[in-house]
Amino acid sequence: MIKIVKRDQPSRAIFFFTPVLAIFLTLVAGGLIFFILGFKPFEALKFFFIVPIADKYGFSELLLKATPLCLIAIGLSFCFKSNNWNIGAEGQLTFGAIVSGGVALLFYEQEGFYILPIVILAGAIGGMLYASIPAILKTYFNTNEILVSLMLVYVSKLILDYLVVGPWSNPEGFNFPETRQFSDSAKLPLLFEGLRIHAGIFLALAAVIVSWFVFYKTYLGFQMKVSGFSLKTAKYAGYKGKKMIILVFLISGACAGLAGVGEITGPIGQLHREISPDYGFTAIIVAFLGRLHPVGIIFASLVVAITYLGAETAQIFMQIPKYTGQVFQGMILFFLLASDYLLFFKIKFIGSKK
Amino acid sequence: MIIDINFIGLIIASIMASAVPLILASCGELITERSGVLNLGVEGMMIIGAISGFALMTVTGSLIIAIFGAMLAGVLISTIFAFLTQTLITNHVATGLALTIFGIGISAMIGKNFVGIPGKEFPVLFENLKDTIPLIGPILFGHSIVFYFAFALPFVTNYFLKKTKLGLIVRAVGDSPVSASNQGIKVRLVRYLCILYGGAMSGLAGAYLSMIYTPQWIENMTGGRGWIALALVVFSTWNPIKILIGAMIFGGLTIIQFHMQAIGVRIPVQFLTALPYIVTIIVLVVISRDSRKIRLSTPSSLGKSFHKDN
């Protein structure tokens, strides 16, 4: 007989074990889906999760995709820890890219060591500005941040579309919806010859270190944690709630903006219509899968980045539709949330005595 | 310039047509939220409904199977959400987001084989009465059955919530699950049913898009309508009749876009397309500014998990 018993305290070991369980369950369910679609499950899973990262180039691509996911997820963990539901990181990424791209275009055909820092800073500011909208509306007008930040995603994509088709489009570009190429000084340097991985990865690593420090070594981190557990307690303790809401939104906007900078000043080197394959949304899953812990987020971003690469590889080699990647991402989050049940409840197997 | 009075009627009718999916999805979500559950997966359930309806129509050739199949698909996908949030007590927001991501992925996967296939013509009712009355004729007659259903739904929903015992139970569960449970009401069961009902209505909204409004399958064809439907529920302050008003405003914004382009207004198309989203934000701000009013009309336990052991 199976009996479900409530735990006195959430189990800490299980807290870090369930993400692994969730990934395993996703693989099983994924194999099942492949089987239903008429593919050999093990072969499909191999093409999805192993083949894409089997060589040097593949590994570089993995890091390339994991970088924005990690960066955005780190930012989001500030929001989620303190009970702020910023789900518009995709918009903040886009707007950050627009601002930094605009600045990069100002330096068209100019070179200088100072250009790249300005371009990067512009991206962070762009992301912050965009994230400040839901933050200010939430704090001063009591408006639901989920819906506002999400609506702004659509708006940002339309602004980008307008710019690259209209005023910012490349005059010599035969009406392609893209801007001019940025000058070399406005591009993040590549790390290895022949690979696309670029210096943006250091931005992500810096974010990991800084966030770890803030979460676990500062008063602000403590305040965020308390507000996340109970807003009432936070209020009672006299924390400045409004200030903190705005601050966590700004941090997460800056991170998303930086991810946008990485996308456009990295391998692409220009603004165009589709700068992000929904990194901003996927990063929400990364943040949860990483348990809102900086180190956890590194691992989670690598795992989730594989779903992007795997979807591409599986499409090329097995004609498996590329949206399977998104299906996997959704499933990971489902399984993760579901297995959280084990945090609070114990399943006991008892002998069938009557 | 002579403006044909029937032309105005046609514009109003087209605004109403574009409001239909919003009304359906919002009224469904409204019931879900009234029971205390916040399901952010509307966009995902809608797109599942859209592909299910279109695929079933293409494969079986039956419109009835397709419409009910789409609703069933909405129910099935919302069952995942219900099981997670009610039985496994997961966070509503995160689970809803997962549902949307999952739904968009699955729909694109199924839809791969249905891209570019032309849709079928959906039968309309009272077509012959259209020209009998000027202005009113084109507004009232010549629409699909789903259209009429959608415009009746807010009134039915209102009656259900205010005048029936079941409606009272739903409200009780949403406002005070603990007392409802003490009264012997099965809180979890009521919430399960309300979630599944919301799924059915979102599925129907999606099917309306892919089978009637623009009869074809396009990836991501819901284009944020699910999120606007969620915003409409806040806009309505959980009152079904006001959903009707909100949906007409957003339908109007969508239609104006096309007409502005047609008469050659020199505004970039992207700004017009962005209008419904921007207006949603502005409307949300105006509505939510009065925090007391929002607090009074929001179901008290909205988004909070309920577990008997707690």
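What share of the contacts in chain A with a separation of 6 or more comes from residues 24 or more positions apart? The share is 77%. Two residues are in contact if their C-beta atoms, placed from the backbone, lie within 7 Å.

This is a predicted model: local features need pLDDT of at least 70, side-chain atom pairs count only at pLDDT 80 or more, and totals for chains, interfaces and linings use all residues. Residues are numbered from 1 along each chain as its sequence is written, while chains are lettered from A and ligands numbered from 1 in the order in which they are written.

**Figure 1. Chain A as a whole.** Chain A has 14 helices and two strands. Both are DSSP runs numbered from the N terminus: helices are H or I with at least four residues, strands E with at least two. The C-alpha atoms fill a box of roughly 85 × 60 × 35 Å along the principal axes. Of the 354 residues, 52% are buried. Buried means that 20 or more other C-beta atoms lie within 10 Å of the residue's own; 12 or fewer means exposed, and in between is partly exposed, with C-beta atoms placed from the backbone.

Figure 2. A:Glu178 sits in the loop between helix H6 (145-165) and helix H7 (200-217) of chain A. Why is A:Glu178 partly exposed? Because 17 other C-beta atoms lie within 10 Å. Leaving aside neighbours within four places in sequence, its contacts include A:Val164, A:Gln270 and A:His272. A:Lys243 is 65 residues apart from A:Glu178 in sequence and 39 Å apart in space, C-alpha to C-alpha.

**Figure 3. The side of chain B that touches chain A.** Here 40 residues of chain B contact 36 residues of chain A. Helices H3 (63-87), H4 (92-111) and H10 (225-235) of chain B are among the elements that give two or more residues to this side. H4(B) provides the largest share, 12 residues. By class, the side has 27 nonpolar, 10 polar and three charged residues. Ala, Val, Leu, Ile, Met, Phe, Trp, Tyr, Cys and Pro count as nonpolar; Asp, Glu, Lys and Arg as charged; the others, Gly among them, as polar.

**Figure 4. Helix H13 of chain A against H4(B).** H13(A), residues 324-339, packs on H4(B) at an angle of about 150 degrees, with axes 8 Å apart. The two helices are therefore roughly antiparallel (over 145 degrees). Residues of H13(A) in this contact include A:Met331 and A:Phe334; those of H4(B) include B:Ile101 and B:Phe102. The contact has 12 nonpolar, six polar and no charged residues.

Definitions and conventions. Axes fitted to C-alpha atoms, helices over the stretch in contact; angles between N-to-C directions. Parallel < 35°, antiparallel > 145°, perpendicular 65-115°, else oblique.
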